[in-house]
Amino acid sequence: MSFLVSQAASSPLSGTASIPGDKSLSHRALMFAALAKGETTITGLLPSEDVLATRMALASLGVDFRDHPDGTVFVNSPGYQHFQEPEDIWNMGNSGTSARLLMGMICNLPFRVFMTGDASLRRRPMGRVMQPLSQFGATITARQNNLLPLLIQGATHPVPITYTLPVPSAQVKSAILLAGLMCPGETTVMEPQPSRDHTERLLAYYQIPHRITQDPQGLRSITVTGYPEIHPRPLHVVADPSSAAFVMVAALLIPGSYVVMPKVGLNPLRTGLMDTLREMGGDIQIHNQTVISGEEVGDIVVRGSVLRGVTVPAERAPRMIDEYPILSVAAAFAQGSTHMHGLSELRVKESNRLQAILDGLSAVGVRAESHGDSLTVYGQNTVSGGATIATHFDHRMAMSFFVMGLRTQSPIHIQGWESIHTSFPTFLECMGRIGVVWTIGG
Ligand code: S3P
């Protein structure tokens, strides 16, 4: 087994970091291109393992994909009315987004799909999608406790549903909206706390009839009408703010750094970490803001900064749900303590991230504690490091502790670092370009 070893940066980080396409948007770009009858051109798509899992599944429904050497992907689809039953089991690998959104996409089609995933995905809760999707009329049979593998028998006479999300989840919301497109009548999903709205923005971009309303209590309702005509539209996937987060924190933590990240997605429901890091004193600026394929985007410019501890309110959690591991690393070097609230969903990510953060911080010599759904990290000037971090095959844990190693006294060894390929295959190359040095050891 090999280890990725990150070691203290000996000079400021500088240069341009090219961040790959957004993972959430890449899945959705492929799915919307598959829904539309005809050819769609997608640029900026993230070529990662998670996204490939979605692509393989869609290919088995009868969708054709062609790659240009410059990364452009041409998608040719017969349209959702002509999807065919996959001949083989779908293996979604590590990808919760593939599993949950695709369940929505096929649960109202008259055939059967078998689905599984890797050891991490087979532990993640699927009941949260099975429950609403069954209300359309689909029969979904899973392992005990609603775990993968599972079998979906699509509804032959689907009925529309109205569903209030019990947990803020863009994956569950999107699964219901996709299912609603293949069901007569109006399907409504309501969310008490706003989660990333990429699916809704794509509905608008594709001019698919839908309504969005918000009541005075903040309950947001999204309604789609079944069986719309969907025409191909060119799509560009903007760079992933959740991947940019690692470069951003690395640059903030190394004094004197100056790093530019061009064309990163700035959807306000994804920018919770940026807000938090600015509150902590981080020098982060945005230039050239514009909108591409319905998503805000801009160049992020980060300078090395002295950070101080803050309190991150629970309401912000859905806007930065994937960023708590890297925020914890920033907090470890901040002046004072950082309190983060509303973290219950961290327990059901690619790993139990709340526990993994606590274990990792303790291994490298940082004091942290968790009570209920909250986490406190006590910042310190120097961190010993010198530990081996078990990432539990969680890409975000691997990259977070890699960044931690850039400021620790002794190098950090990252076990299971290969999981980085699920979301940021060019991570090491990108870090190398701005001056980071690492080794891979046996
Ligand atoms: C995602 C939604 C979030 C996020 C995940 C991607 C999406 O999950 O953690 O990485 O693409 O919709 P939840 O919907 O479970 O919060």
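Which residue in E23 is the bridge partner of Val5? The bridge partner of Val5 in E23 is His413.

The views below come from a predicted model, in which local features need pLDDT of at least 70, side-chain atom pairs count only at pLDDT 80 or more, and totals for chains, interfaces and linings use all residues. Residues are numbered from 1 along each chain as its sequence is written, and side-chain values use heavy atoms, with hydrogens and water left out.

View 1. Helices (H or I, at least four residues) and strands (E, at least two) are DSSP runs, numbered from the N terminus. Four strands, in the order E22-E23-E1-E24, make up an open sheet with mixed pairing; two strands pair if DSSP finds at least two bridges between them. Strand E22 (388-390) and strand E24 (438-441) are at the edges with a single partner strand each, so one side of each has no neighbour in the sheet. From one strand to the next, the twist averages 25°. Strand E1 (residues 3-6) runs antiparallel to strand E23 (residues 412-415), and four bridges join them. Within this pair, Val5 has His413 of E23 as its bridge partner. H11 packs on the sheet and touches E1, E22, E23 and E24; the direction of H11 makes about 170° with that of E23. Contact means heavy atoms within 4.5 Å. Axes are lines fitted to C-alpha atoms, for helices over the stretch in contact, and angles run from 0 to 180 degrees between N-to-C directions.

**View 2. Packing of helices H10 and H11.** Two packed helices are described by the angle between their axes and the distance between the axes. For helix H10 (residues 353-364) and helix H11 (residues 395-405), the axes come within 11 Å and cross at roughly 25°. H10 and H11 are therefore roughly parallel to each other; angles under 35 degrees count as roughly parallel, over 145 as roughly antiparallel, 65 to 115 as roughly perpendicular and the rest as oblique. The crossing of H10 and H11 is right-handed. A crossing is right-handed if the near helix is turned clockwise from the far one by less than a right angle, and left-handed if anticlockwise. H10 contributes Arg353, Ala356, Ile357, Gly360, Leu361 and Val364 to the contact, and H11 contributes His395, Arg396, Met397, Phe401 and Met404. By class, the residues of this contact are seven nonpolar, two polar and two charged. Here Ala, Val, Leu, Ile, Met, Phe, Trp, Tyr, Cys and Pro count as nonpolar, Asp, Glu, Lys and Arg as charged, and the others, Gly among them, as polar.

**View 3. Packing of helices H1 and H6.** H1 (residues 23-35) packs against helix H6 (residues 198-205) at an angle of about 40°, and their axes are 10 Å apart. H1 and H6 are therefore oblique to each other. The crossing of H1 past H6 is right-handed. On the H1 side the contact is made by Ser24, Leu25, Arg28, Ala29 and Phe32, and on the H6 side by His198, Thr199, Leu202 and Leu203. Five nonpolar, three polar and one charged residues form this contact.

View 4. Ser24 is buried, with a relative accessible area of 7%; buried means under 20% relative accessible area, exposed over 50%, and partly exposed in between (1.4 Å probe, protein chains only). Not counting residues up to four places away in sequence, Ser24 touches Arg196, His198 and Arg270. His27, also found in H1, is buried, with a relative accessible area of 0%. With the same exclusion of residues up to four places away in sequence, His27 touches Asp50, Val51, Thr54, Ser95, Thr97 and Ser98.

View 5. Strand E3 (residues 38-43) pairs with strand E5 (residues 73-77) in the antiparallel sense over five bridges. In E5, Asn76 is the bridge partner of Glu39.

**View 6. The hairpin of strands E20 and E21.** Strand E20 (residues 368-371) and strand E21 (residues 374-378) pair in the antiparallel sense over four bridges. His371 stands opposite Ser374 in E21. Two residues lie between E20 and E21 in the hairpin, and Gly372 in the turn has a positive phi of about 60°.
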